[in-house]
Amino acid sequence: MTSDVRERAVFPLGGCLLPGDPVGLTLFEDRYLQMITAVLADDGMFVSVLISEGSEDVCSDRRFDQGVLVEVVEAVSAGPRVLVRGIARDAWSVVTWLDDDPYPRALGAVSARDELEGSARFDVASSLSLLAQHVVSLRSLIKERSGLGEMPATPALGRIAAGRWWDERVTSDQLWGALWAVAGAVPSGPLDRHSLLGPGPLPERVRRLRGVIEHVEEVARFRFG
C-alpha cells in the first residue's frame with residue numbers, strides 16, 4: 001500500500017467492481033445523496049467495497065476492506081434521485097473504518113503497484129495472453145451451452161488474447177491494465193472478483209486470476225454439461 005492515506009466516502013455494494021469497470025448507480029438514500037454532494041465538491045472520487053454481510057438497503061452491513069477507487073464522470077439529478085456514471089480506477093485498501101455519520105467513510109489508500117523488470121515482465125505478459133485465450137474459450141462455452149445469448153463486448157480481451165499488445169517495451173502500467181481487463185471479462189461471481197483485489201505483487205495476482213478462471217470453468221462445465 002502506498003503512504004498516501006486519506007479519508008474517502010465509501011459506497012458498499014452487493015457486487016464487486018474491478019479497476020476498469022464502468023459504474024452506474026442510482027442514489028436515493030439521504031446518506032448517499034449527501035455523499036455524492038461531498039464527493040463532487042472534493043475531487044470527484046469515492047470508494048466502492050463489496051458487502052460481506054447484509055445488503056445495500058440496510059445500515060448494519062459488514063464490508064470487506066478491499067475495494068476500488070471510483071471516478072465520477074457524470075452525476076445527474078432525476079427528481080429525488082441522482083444518477084451517477086463513473087469508472088473504477090484503482091484497487092483501494094481500507095486502513096481504518098470511520099463513523100458512518102453522515103455516510104460510510106474510511107481512511108485508506110490506493111494499493112501499491114509493483115514494478116517488474118526484465119524477464120519478469122515478459123513472463124507476466126505471456127501468462128496474461130494465455131489467460132485471455134482461456135477466457136475467450138470459456139465465454140464461448142458458456143454462451144453455447146447456457147442459451148443466455150451474447151455477453152457484453154470485451155474488445156480488450158481479444159487484443160490481449162492475440163498476444164500483439166506487448167513487446168520488449170511493455171511497461172508495468174500496461175501489465176496491470178491487462179490484468180484488470182482480463183479479470184473483468186471473466187463471468188465470475190463477486191467473491192471470486194473480490195479475491196483479485198487483495199494485496200500482492202502482480203505475478204501473485206496473475207496466479208489468483210488463473211485460479212478464478214479455472215473455478216469458473218469447473219462450475220460452468222458442471223452446470224451446463
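Student: How far from a polar atom of the side chain of serine 48 does the backbone oxygen of phenylalanine 11 lie?
Tutor: This is a predicted model, in which local features need pLDDT of at least 70 and side-chain atom pairs count only at pLDDT 80 or more, whereas totals for chains, interfaces and linings use all residues. Residues are numbered from 1 along each chain as its sequence is written, and side-chain values use heavy atoms, with hydrogens and water left out. Serine 48 itself lies in strand β3, residues 45-53, where a strand is a DSSP run of E with at least two residues, a helix is a run of H or I with at least four, and both are numbered from the N terminus. Between the backbone oxygen of phenylalanine 11 and the polar side-chain atom of serine 48, the distance is 3.4 Å.

Student: Is serine 48 buried or exposed?
Tutor: Serine 48 touches Phe11, Leu13, Leu17, Gly67, Val68 and Val70, leaving aside residues up to four places away in sequence, and contact here means heavy atoms within 4.5 Å. A residue is called buried under 20% relative accessible area, exposed over 50% and partly exposed in between, with a 1.4 Å probe and protein chains only. Because its relative accessibility is 3%, serine 48 counts as buried.

Student: With which residue does the side chain of arginine 8 make a polar contact through that residue's side chain?
Tutor: Arginine 8 lies in strand β1, residues 6-13, and at 9% relative accessibility it counts as buried. Its neighbours beyond four places in sequence include Met45, Val47, Leu69 and Trp92. A polar contact is a pair of N or O atoms within 3.5 Å, where within protein one must be able to donate a hydrogen and the other to accept it, and residues adjacent in sequence count only if both atoms are side-chain atoms. At 2.8 Å, the side-chain partner of arginine 8 is aspartate 43.

Student: How are α2 and α4 oriented to each other?
Tutor: The axes of α2 (residues 119-146) and α4 (residues 172-185) come within 10 Å and cross at roughly 15°, the axes being lines fitted to C-alpha atoms, for helices over the stretch in contact, with angles from 0 to 180 degrees between N-to-C directions. Angles under 35 degrees count as roughly parallel, over 145 as roughly antiparallel, 65 to 115 as roughly perpendicular and the rest as oblique. The crossing angle therefore makes α2 and α4 roughly parallel.

Student: Which residues of α3 does α2 meet?
Tutor: The axes of α2 and α3 (residues 155-162) come within 7 Å and cross at roughly 125°, so the two helices are oblique to each other. From α2, the contact involves Leu128, Ser129, Ala132, Gln133, Val135, Val136 and Arg139.

Student: Which residue is joined to proline 102 by a cis peptide bond?
Tutor: Proline 102 has its place in the loop between β5 (81-97) and β6 (105-110). The cis bond has an omega of about 5°, and the residue that it joins to proline 102 is aspartate 101.

Student: How far apart in space are proline 201 and aspartate 114, C-alpha to C-alpha?
Tutor: Proline 201 is in the loop between α5 (190-195) and α6 (202-224), and at 42% relative accessibility it counts as partly exposed. Although proline 201 and aspartate 114 are 87 residues apart in sequence, their C-alpha separation is 6.0 Å.
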